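Please look at the model shown below, and then follow the report as it moves through one part after another.

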Amino acid sequence: MPVKVMIPSPLRPYAGKRDSAEFNARTVGEALGHLTTEFGDLRKHLFTEDGKLRSFVNVYVNDEDIRYLAKENTPTKDGDTISIIPSIAGGVPAME
Amino acid sequence: MATTVQPQTGAKPAASLSNEEILRYSRHLIMPEVGMEGQLKLKNAKVLLIGTGGLGAPLGLYLAAAGVGKLGLVDFDVVDSTNLQRQVTFGTSDVGKPKSEAARARLANLNPDIQIQSFETQLTSANALELFKDFDIIVDGTDNFPTRYLVNDACILLGKPNVYGSIFRFEGQATVFGMPDGPCYRCLYPEPPPPGLVPSCAEGGVLGVLPGIVGSIQAMETIKLILGRGDNLVGRLLLFDALGMKFRELKLRKNPNCPMCGTHRTINKLIDYYQFCGVRGEEAPGPTVQVPEITPRELKARLDRGDDLFILDVREPHEYQICNLKGHLLPLGELTRRVHELDSSREIVAHCRSGKRSAEAVDFLRKAGFRKILNLKGGILAWSDEVDPSVPKY
């Protein structure tokens with residue numbers, strides 16, 4: 001059973017409107033690598049140009065923040081859920 | 001573990017309820033978890049709501065109904081008819097009125113026994129500390145990053161709890177920041193996203209019930225803080241997915257290196273939050289591309305003359321259903337993939353709702369070699385204003 005990556009609504013337009021995707025991965029970094037390979041438009045929303053996870057995107061393995069684990073090197077095991085939690089301000093913009 | 005928030009300021013606390021109040025709050029009083037003691041805590045509590053919109057509506061209604069003795073309402077906005085789909089404090093007759101005052105009037109009608117103060121002002125670094133100091137709990141029901149960081153920092157500087165809620169389309173988040181041993185907003189998100197990376201314009205809107213649910217969760221957390229009952233959301237981020245109808249929670253840790261609430265605070269006063277968030281105005285003004293334009297009146301005249309113009313509508317299909325100019329629908333997000341559908345030898349007029357998305361489309365197509373292409377200035381909104389008022393605005 002692979003690792004499940006939950007894609008939050010604000011990022012779904014860049015992920016083929018999918019709400020989750022599953023990958024075989026041993027670490028969080030590997031799973032996010034697979035994700036951004038499959039959905040290239042997601043890359044700039046998750047990573048800076050030098051490949052670091054953006055500071056306004058938090059990533060959790062199950063309910064733990066990877067900043068307090070081993071960051072992108074945090075190991076994952078089958079059945080784990082990785083959640084990407086971007087900051088949302090709220091508000092209801094009209095369309096442009 | 002339950003945490004009680006003690007009233008911090010003000011006159012001598014109320015020690016009893018009138019007979020009318022006892023009757024009004026009887027369904028609270030007969031619960032041992034509230035009782036006379038809890039109801040008096042509510043009566044002596046002072047809660048400041050930042051924003052009286054979608055989140056503020058259930059917050060104001062439930063906190064007033066529950067008998068929170070003093071409510072402050074901060075909002076500088078005016079009620080407009082697009083608010084009524086979710087901001088249930090307001091009625092149709094409130095359109096055009098200041099929100100803080102319309103909300104005050106509604107809540108005063110709901111509960112005349114409480115004190116309600118409206119502040120028709122924008123929360124700023126200059127007034128936040130002064131506004132917050134007379135209240136025990138601050139509830140963040142705002143809609144933009146600068147104000148969220150401002151509310152957070154002011155709460156930490158004053159040592160006040162910040163009951164947080166946020167929504168996006170079908171998803172909500174809620175937690176409680178600013179408790180002595182708990183994290184703050186900056187522990188969760190040290191920095192806001194830059195304006196260019198906020199969700200795309202094709203993703204506006206919200207289901208009206210969502211802020212009702214998230215605001216109600218904030219109201220519940222506020223009341224629990226006042227009563228000192230139950231387990232509140234300190235150190236937990238509650239995520240709500242309305243489409244999947246699922247609640248999940250994530251652990252929020254206090255960051256020992258947090259510049260605001262960590263062991264070595266480096267932010268000791270309120271800053272310029274618009275600069276911090278990289279936005280100058282109310283809304284992030286995205287980079288506007290300069291492209292050749294045509295006004296709605298010019299377009300009308302040319303169509304009436306029988307000019308061969310190809311109208312390209314770059315909005316989404318569900319917007320086309322609201323109203324359209326009988327153009328060829330090709331959403332901006334699909335333009336790169338479907339550009340072959342367009343004939344570069346024909347003269348093209350691109351439009352969207354307001355003219356911004358279509359400006360991007362025109363810019364892209366010009367770079368792709370299209371020469372005869374114009375952007376409809378002001379989009380379908382301007383078309384409705386200047387040419388055909390029967391076209392609805394949305």
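## A pair of neighbouring strands

In this predicted model, Arg236(B) has Lys251(B), a residue of strand E8 of chain B, as its bridge partner. The two strands concerned are E7(B), which covers residues 236-241, and E8(B), and they pair in the antiparallel sense over six bridges.

## The sheet of chain B

The pairing of E7(B) and E8(B) belongs to an open sheet of eight strands in chain B, whose order is E3-E2-E1-E4-E5-E6-E7-E8 and whose pairing is mixed. Strand E3 (115-119) and strand E8 (246-251) of chain B are the edge strands, since each of them pairs on one side only. From one strand to the next, the twist averages 15 degrees.

## Helices on the sheet

Helix H5 of chain B, made of residues 99-110, lies across strand E2 (70-74) and E3 of chain B, and runs at about 170 degrees to E3(B). Helix H9 of chain B, residues 209-227, also packs on the sheet, where it touches strands E1 (46-50), E4 (137-140), E5 (162-168), E6 (171-177) and E7 of chain B. The direction of H9(B) makes about 170 degrees with that of E5(B).

## Where the two chains meet

How many residues does each chain bring to the contact? Chain A contributes 25 residues, while chain B contributes 40 residues. On the side of chain A that touches chain B, strand E3 (57-61), strand E4 (64-65) and strand E5 (81-86) of chain A each supply at least two residues. Sorted by class, that side of chain A has 13 nonpolar, eight polar and four charged residues.

Definitions and conventions:
Residues are numbered from 1 along each chain as its sequence is written. Chains are lettered from A and ligands numbered from 1 in the order in which they are written. This is a predicted model: local features need pLDDT of at least 70, side-chain atom pairs count only at pLDDT 80 or more; totals for chains, interfaces and linings use all residues. Two residues are in contact if their C-beta atoms, placed from the backbone, lie within 7 Å. Helices (H or I, at least four residues) and strands (E, at least two) are DSSP runs, numbered from the N terminus. Ala, Val, Leu, Ile, Met, Phe, Trp, Tyr, Cys and Pro count as nonpolar, Asp, Glu, Lys and Arg as charged, and the others, Gly among them, as polar. Two strands pair if DSSP finds at least two bridges between them. Axes are lines fitted to C-alpha atoms, for helices over the stretch in contact, and angles run from 0 to 180 degrees between N-to-C directions.
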